[in-house]
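Here is a short tour in questions and answers. Look at the structure first, then read on.

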Amino acid sequence: MGGPSKERPVSIQSGKACLKALKQCGYNVEKFDPKKNIIKNLKRIKPDIAFNSLHGKFGEDGQIQKILEKLKIPYTHSGVLASKNAMDKIVSKKIFIKNNLLTPKYKIIRKLKDLKNSISENKFVIKPINEGSSFGVRIIEKLSNSKLKIINNELKKYKTLLQENYIEGQEIQTAVLGGKVIGSVEIIPKRNFYDYKAKYSKSAKTKHIIPPRISKKISEKINKISIKAHNCLNCRGVTRSDFRVSKDNKIYLLETNTQPGMTELSLVPEIAKYHGMSFKTLVNWILNDSSLKR
Ligand SMILES: Nc1ncnc2c1ncn2[C@@H]1O[C@H](COP(=O)(O)OP(=O)(O)O)[C@@H](O)[C@H]1O
Ligand SMILES: [Mg+2]
């Protein structure tokens, strides 16, 4: 838990909640924050299993997974390649398209000029390739000089950005556990979109609706897509896929998260709870899935 990424505070919350649940299950658990001397410390602790509660860079992109593989320490959630591919929004989009999964039209932006002749002039989304928690995600309505300046600053920071068509409609997120759907949640942010504050701050008053207000047909389609996304990326354990459902009922897959939030109030645990699976049972399931099955 913790780690070096921008999502460190969220990971500490996930880690604390999982630690508590694992203790309640009767396991001998030790906290480990991979910041310095990671290999040396892992060799010293020699865990039977590493329960991965990291989010973002290093913990979600295959790096820690690679270290754990080398040290022959079994670990939870997805493996090296699945983590790496899912975290990279360009690579994962290409994999989704190859597998006939609909994802918003996109363009890779390396310099401001790339925005010209762009896919959508009115409303579009700019996002980094390798972030999470909505860091760097911006909804741009009509490109003005001040907005160009903002995008230019983001380019300086991230070098490469993704420009996506904005999908007007409902936001649905679906939890998959071991290749089976647990359920979905509909997200209604009071803010402009589901940004960092809308995700983590109670005062942002984002509404979570379980089950989502969608037809049975759409819900079944979303379930199928979520399983296909989990499988085509070769994920293990738990994943959460993020969707936008347009007004004409097209289902757009935004991304599949291989290390979804695991605080007791996070979306996957919330969905699991609604469907009768306690947080403790969920955490125990994830742990037991980790043994060297890969
Ligand atoms: N193409 C899009 N159309 C509409 N909203 C989007 C689009 N892309 C992202 N968003 C909004 O931004 C949020 C974060 O985007 P996402 O691609 O899931 O990145 P992150 O990895 O940061 O969660 C989404 O939950 C959604 O609210
Ligand atoms: Mg997301």
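Q: Which residue is the bridge partner of L177 in β8?
A: This is a predicted model, in which local features need pLDDT of at least 70, side-chain atom pairs count only at pLDDT 80 or more, and totals for chains, interfaces and linings use all residues. Residues are numbered from 1 along each chain as its sequence is written, chains are lettered from A and ligands numbered from 1 in the order written, and side-chain values use heavy atoms, without hydrogens and water. Helices (H or I, at least four residues) and strands (E, at least two) are DSSP runs numbered from the N terminus. In β8, L177 has as its bridge partner V238.

Q: How many bridges join β5 to β8?
A: Two strands pair if DSSP finds at least two bridges between them. β5 and β8 run antiparallel. The bridges that join them number nine.

Q: What is the strand order of the five-stranded open sheet?
A: Its pairing is antiparallel. The edge strands β7 and β9 each pair on one side only. From one strand to the next, the twist averages 25°, with axes fitted to C-alpha atoms (for helices over the stretch in contact) and angles from 0 to 180 degrees between N-to-C directions. The order is β7-β6-β5-β8-β9.

Q: Which helix packs on this sheet, touching β5, β6, β8 and β9?
A: Contact means heavy atoms within 4.5 Å. The helix direction makes about 135° with that of β8. The helix is α8.

Q: Why is one side of β1 and of β3 left without a neighbour in the sheet?
A: The open sheet of four strands has the order β1-β4-β2-β3, with antiparallel pairing. β1 (106-109) and β3 (138-141) stand at its edges, so one side of each has no neighbour in the sheet. Each has a single partner strand.

Q: Which residue in β3 stands opposite V125?
A: Strand β2 (residues 123-128) pairs with β3 over four bridges, in the antiparallel sense. Opposite V125 stands I139.

Q: Which helix lies across β1, β2, β3 and β4?
A: The helix covers residues 145-158. Its direction is at about 150° to β3. It is α6.

Q: How many residues are around ligand 1?
A: A residue is near a molecule or strand if one of its heavy atoms lies within 4 Å of it. K89, K127, S134, N165 and E171 come nearest to ligand 1. The number of residues around the ligand is 22.

Q: How far is an oxygen atom of ligand 1 from an N or O atom in the side chain of E171?
A: A polar side-chain atom of K127 lies 2.6 Å from a ligand oxygen atom. A polar backbone atom of S134 is also 2.6 Å from an oxygen atom of ligand 1. For E171, the distance is 2.4 Å.

Q: What divides the shell around ligand 1 into nonpolar, polar and charged residues, and how many are charged?
A: Ala, Val, Leu, Ile, Met, Phe, Trp, Tyr, Cys and Pro count as nonpolar, Asp, Glu, Lys and Arg as charged, and the others, Gly among them, as polar. Eight are nonpolar and five polar. The charged ones number nine.

Q: Where is the cis peptide bond?
A: P211 is in the loop between β7 and α8. Omega is near -10°. The bond runs from I210 to P211.

Methods
A polar contact is a pair of N or O atoms within 3.5 Å; within protein, one must be able to donate a hydrogen and the other to accept it, and residues adjacent in sequence count only if both atoms are side-chain atoms.
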